Amino acid sequence: MVRETRLHPDDLIAPLFVREGIDEPQPIRSLPGQFQHSRASLRTEVHRLRELGIPAVVLFGVPQHKDATGSEAWNPDGIVQRALSDLRDDHGDELVLIADLCVDEYTDHGHCGVLDDGGQPDNDATLELYEQIAVTQATAGADIVAPSGMMDGQVFAIREALDDSGFDQVAILAYAAKYATALYGPFRDAVDVTITGGGHRRGYQQDVANAREAMEEIREDLAEGADLVMVKPALPYLDVISRARAELDVPIAAYHVSGEYAMVHAAAEKGWLELEAVALEHVGAIRRAGADLILTYFADLIARLIQE
Ligand code: PBG
């Protein structure tokens, strides 16, 4: 009766991977219980999640062919575009369809942008690619696009491109405060990404030591037209979530990322932690800190547990 916060399936967004050119779902080694889905198995999985009351999914694509610019990301017949239209056909307006918008899953070098002559992401050239991705994802049925590449000006560029193509109703969930964390490792297994040359994303993602800068990033994205903003990862950045909640009145999402999920599984496998209790505590803490929406690989487990 005196509980201050409660989890509800409506708070949850399930991240899902769909891979081109496979017939059977492929288990992801470092994300137990998660799969690279085929188009068919993705449809089955989303039906199951909807039955559990989960209202939204965010899709990541793994293309068969990667290249220097990540051109499969804006192919109208690309894997994510096809999966979006499958799910739109299956669920009509009963599912919130979110598309991650980035090129790192599609480039052969693994960076979130096209590279300049010095081998670094070229911010402004990348924006043009993001604009095309946004329009093809919206055309395929996305309700929300979620730019995750941390290029400066990406929200403004995408907003303009969507509006110019008649998609003024498609919303933007900005990965606004996205840290250059060591916790994305298992995700890179999930999308077959290795950043070439031992590269990293510290040039465009945020320094893990900075909290004030996160607020600046969030405010900039809102000024550029973001409808919802995200803090990512979640648990090590509860201070940022709670500060954002205190200072802003917009919907705040938090991404409980692959490494956060994998740690709990690894410890549970050893018999050192109780998986279900820790999952509920972790996701509940993210809610308590002030997140309205939580992207988590535990979405299906949490939805089952809170219905019991
Ligand atoms: C980039 C992207 C990443 C994640 C979501 N979008 C990886 C990265 O920035 O390297 C990570 C999500 C997770 O770890 O669960 N497109």
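**Exercise 1.** In this predicted model, find out how far E217 is from the nearest side chain of opposite charge.

*Solution.* Start with the setting: E217 sits in helix 6 and is buried, yet has no salt bridge. Next, look for the nearest side chain of opposite charge: that's R219, 12 Å away. A salt bridge needs a side-chain nitrogen of Lys or Arg within 4 Å of a carboxyl oxygen of Asp or Glu. Finally, check what E217 does touch: leaving out residues up to four places away in sequence, you get M150, A176 and Q206.

**Exercise 2.** Now do D192: what is its phi, and how does its relative accessible area classify it?

*Solution.* D192 belongs to the loop between helix 5 (185–190) and helix 6. Phi comes out near 55 degrees, again positive in a non-glycine residue. With a relative accessible area of 38%, D192 is partly exposed.

**Exercise 3.** Which element gives the largest share of the negative surface patch?

*Solution.* List the members: D124, E128, D152, D207, E213, E216 and E220. Helix 3 (123–140) and helix 6 (212–224) are the elements that each give two or more. Helix 6 takes the largest share, with 3 residues. As for D124, it's in helix 3 and exposed, at 52% relative accessible area.

Notes. Residues numbered from 1 in each chain as written. Predicted model: local features only at pLDDT ≥ 70, side-chain atom pairs only at ≥ 80, totals over all residues. Heavy atoms only, no water. Patch = residues over 30% accessible without salt bridge, like charges linked within 9 Å, V, L, I, M, F, W, Y side chains within 5 Å. Areas by Shrake-Rupley, 256 points an atom, 1.4 Å probe, with all protein chains shown as cover. Lys, Arg positive; Asp, Glu negative; His and termini not counted. Charge placed at Lys NZ, Arg CZ, Asp CG, Glu CD. Helix = DSSP H or I, 4+ residues; strand = E, 2+ residues; numbered from the N terminus. Buried < 20%, exposed > 50% of the residue type's maximum accessible area, 1.4 Å probe, protein only. Contact = heavy atoms within 4.5 Å.
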